[in-house]
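Good morning, and thank you for the time at this meeting. Please look at the sequence and the structure on the screen while I speak.

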Amino acid sequence: MADLPSQFWGGWIVAITVTTFVALAWFVIDVYRGKGGGDNEDMVWDENLREGAKPAPVWWFWFILALMVVSVVYVMLYPGLGTYRGALEWSQGGHIEQRFADYAQEFGEARARILSASTAALAEDEAAMRSAWRVFNNHCASCHGRDAAGQARRFPDLTDAAWQWGVDEAALDTTIRHGRIGVMPPWLAAVGEEGVAQLADYVIALSRGGGGDPAVAPGAALFQQFCVACHGADGSGNRQLGAPALNDTGWTYGGSRADVTATIAQGRNGQMPAFGGRLDDAQIRLLVAWLQAGAKIP
Amino acid sequence: MNWVSLHHRIERNAGLLIFGILLVSSIGGMVQLLPIVTGDSHAHPAPGLRPPTALELEGRDLYIRESCGVCHTQQIRPLLAEVKRYGPYSRSGEFAWDRPFLWGSKRTGPDLARIGGRYTDEWHRLHLLDPRSVVPASIMPAYPWLAEHRADRHGTIQARMRTLARLGHPYTDEQIAAAPGALDGRTELDAVIAYLQSLGGSMKGAPQP
């Protein structure tokens with residue numbers, strides 16, 4: 001332990017602590033048992049107020065003596081006297097390691113069960129789904145909302161059927177464990193204001209199944225030129241790139257004309273933080289099962 | 001020993017009384033503080049720890065200005081429940097560049113020692129401007145003025161960095177010279193977010209506990 005004092009300071013601590021203790025013990029015992037107390041006839045104030053050094057009641061003496069015994073026992077059992085570790089070998093680091101070992105033992109079996117079960121089986125298990133929801137509430141709800149329906153027109157709805165990065169076990173595990181970065185570049189400079197408006201018209205029509213409408217043909221042409229690389233020719237998206245499907249009714253950043261226009265003109269940067277260092281394997285698996293089953297509040 | 005005459009002597013000699021008081025009140029400090037102050041375990045930065053950049057330092061000073069430490073702590077205690085919730089417990093080396101310490105003592109809000117990377121910048125932006133927009137049950141006040149003020153309004157960032165350099169922060173002359181440029185065009189909100197995202201990063205991937 002790097003934080004224990006060095007040899008010199010260890011000796012320093014022991015010397016001062018023991019000297020102070022012995023001096024105090026001697027003082028207390030001498031006041032009660034020796035000839036140290038008594039009145040001081042010299043000190044008289046305001047004619048008749050005498051200042052004495054009489055000892056406190058005798059129960060106080062036994063009380064202070066008991067405290068001294070407890071102190072001696074304490075520094076013998078626990079670290080306190082310099083580099084001496086104490087008879088119990090107690091340390092704060094050892095204490096929490098033991099707590100973690102107990103914890104691992106207590107829940108080891110439950111974890112193994114979660115990790116060996118299929119996500120479909122976990123979704124049927126009510127207790128597991130309640131645990132999953134608690135994990136979600138602790139770690140995910142501040143962005144995705146307590147009902148997992150997304151928030152602030154930024155953080156995606158997890159209760160719908162649309163999954164930008166895929167909903168199979170491997171994809172969800174990667175999303176949670178390593179995070180995702182979804183980038184939509186800004187298009188204002190490339191297509192101009194009119195182009196942005198045409199694209200917005202087309203994309204909104206596409207989401208309502210009206211992509212073939214002649215009224216949005218100019219937008220469709222621009223879409224085929226600029227957007228298909230990520231969103232696909234039919235607007236069905238690309239899960240490799242996290243490009244969302246545009247031929248459904250889900251909108252991460254809002255589906256109003258103003259929102260869609262802003263998305264196309266200025267682009268969007270979506271980021272899912274990595275939770276691999278904060279959640280363990282069993283917790284991630286519970287979340288995967290819960291999300292696959294529709295993220296329902298149990 | 002005759003304690004009465006000792007008492008008598010001390011009480012009639014102010015110099016002796018002052019010396020006695022200083023001696024007795026210094027014993028605790030000599031045992032508990034001196035070995036730590038002269039020891040070096042606290043002076044070794046944790047692996048991967050770096051002093052705050054100019055923008056993070058500005059954010060840190062804003063964290064102090066807005067009294068964030070009244071409701072938020074920055075110390076994870078070695079207790080199972082805390083490590084499970086916040087991450088590995090805080091080590092002394094992680095505070096090597098904390099002048100002053102912002103440990104705090106009251107958690108009205110959660111601990112922030114490892115808040116870095118937990119949320120995105122965008123989330124922090126929404127949350128600082130209107131906490132209820134992302135956490136409906138939050139009682140945290142909103143800080144809308146952070147977005148309205150530019151960072152380092154009073155142009156003191158270089159003086160602050162030089163002061164810290166004198167205290168031991170390893171800021172180079174180049175870093176201090178580049179500081180105003182790094183803050184140029186940034187808002188106070190940007191600075192606070194940069195600071196929050198830098199917290200606890202040095203322990204990323206550390207084994208639990």
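This is a predicted model: local features need pLDDT of at least 70, side-chain atom pairs count only at pLDDT 80 or more; totals for chains, interfaces and linings use all residues.

Let me begin with the overall make-up of chain A. Chain A contains 12 helices and 4 strands. An assignment of domains divides chain A into domain 1 (7-77), domain 2 (105-179 + 274-292) and domain 3 (182-272). You will notice that domain 2 is written in two segments, 105-179 and 274-292, and that the range of domain 3 is 182-272. Between the C-alpha centres of domain 1 and domain 3 of chain A there are 84 Å.

How does the radius of gyration of chain A compare with that of a compact globule? For 298 residues, a compact globule would come near 19 Å, whereas chain A has 36 Å. Taken along the principal axes, the box filled by the C-alpha atoms of chain A is roughly 115 × 55 × 40 Å. Of the 298 residues in chain A, 23% are buried. If we take the contacts in chain A between residues at least 6 apart in sequence, 60% of them link residues at least 24 apart.

I turn now to a pair of helices in chain A. Two packed helices are described by the angle between their axes and by the distance between those axes. Helix H8 (residues 188-207) of chain A packs with helix H9 (residues 217-226) of chain A at an angle of about 110°, and the axes are 8 Å apart. H8(A) and H9(A) are therefore roughly perpendicular to each other.

Which residues meet there? From H8(A) they are Ala190(A), Val191(A), Gly195(A), Gln198(A), Leu199(A), Asp201(A) and Tyr202(A). From H9(A) they are Pro218(A), Gly219(A), Ala220(A), Leu222(A), Phe223(A) and Phe226(A). By class, the contact of H8(A) with H9(A) comprises 9 nonpolar, 3 polar and 1 charged residues.

Also in helix H8 of chain A is Ala189(A). Is Ala189(A) buried or exposed? Ala189(A) is exposed, because 8 other C-beta atoms lie within 10 Å, and a residue with 12 or fewer counts as exposed. The C-alpha atoms of Ala189(A) and Gln266(A) are 9.3 Å apart, while 77 residues separate the two along the chain.

Next, the loop between helix H6 (141-144) and helix H7 (169-178) of chain A, where Gly166(A) is found. Gly166(A) has 14 C-beta neighbours inside 10 Å and so counts as partly exposed. Apart from neighbours within four places in sequence, Gly166(A) has contacts with Ala171(A) and Arg239(A). From Gly166(A) to Val203(A) there are 37 residues in sequence and 22 Å in space, C-alpha to C-alpha.

The loop between H6 and H7 of chain A also holds Ala148(A). Ala148(A) is not a glycine, although its phi is positive, at about 65°. Ala148(A) has 24 other C-beta atoms within 10 Å and is therefore buried.

A further positive phi, near 50°, belongs to Ala295(A), again a residue other than glycine. Ala295(A) sits in the segment after helix H12 (281-292) of chain A. With 20 other C-beta atoms within 10 Å, Ala295(A) is buried, because the cut-off for a buried residue is 20 or more.

Let us move to chain B. How many helices and strands does chain B have? Chain B has 10 helices and 0 strands. The radius of gyration of chain B is 23 Å, well over the 17 Å from the globule rule for 209 residues, so chain B is more spread out than a compact globule. Its C-alpha trace spans about 75 × 45 × 35 Å along the principal axes. In chain B, 29% of the 209 residues count as buried.

Chain B is divided into domain 1 (3-38) and domain 2 (48-203). The C-alpha centres of these domains of chain B are 42 Å apart.

In chain B, helix H4 (residues 54-65) and helix H9 (residues 173-183) pack at about 70°, with axes 8 Å apart. This makes H4(B) roughly perpendicular to H9(B). Ala54(B), Leu55(B) and Glu58(B) of H4(B) make the contact with Ala179(B), Ala182(B) and Leu183(B) of H9(B). The contact of H4(B) with H9(B) has 5 nonpolar, no polar and 1 charged residues.

My last item is a peptide bond. Arg99(B) and Pro100(B) are joined by a cis peptide bond, with omega about -5°. Pro100(B) lies in the loop between helix H5 (80-86) and helix H6 (121-129) of chain B.

Technical notes. Residues are numbered from 1 along each chain as its sequence is written. Chains are lettered from A and ligands numbered from 1 in the order in which they are written. Axes are lines fitted to C-alpha atoms, for helices over the stretch in contact, and angles run from 0 to 180 degrees between N-to-C directions. Helices (H or I, at least four residues) and strands (E, at least two) are DSSP runs, numbered from the N terminus. Angles under 35 degrees count as roughly parallel, over 145 as roughly antiparallel, 65 to 115 as roughly perpendicular and the rest as oblique. Two residues are in contact if their C-beta atoms, placed from the backbone, lie within 7 Å. Ala, Val, Leu, Ile, Met, Phe, Trp, Tyr, Cys and Pro count as nonpolar, Asp, Glu, Lys and Arg as charged, and the others, Gly among them, as polar. Domain bounds come from an automatic or database domain assignment. The radius of gyration is taken over C-alpha atoms; the globule rule is 2.2 Å times the number of residues to the power 0.38.
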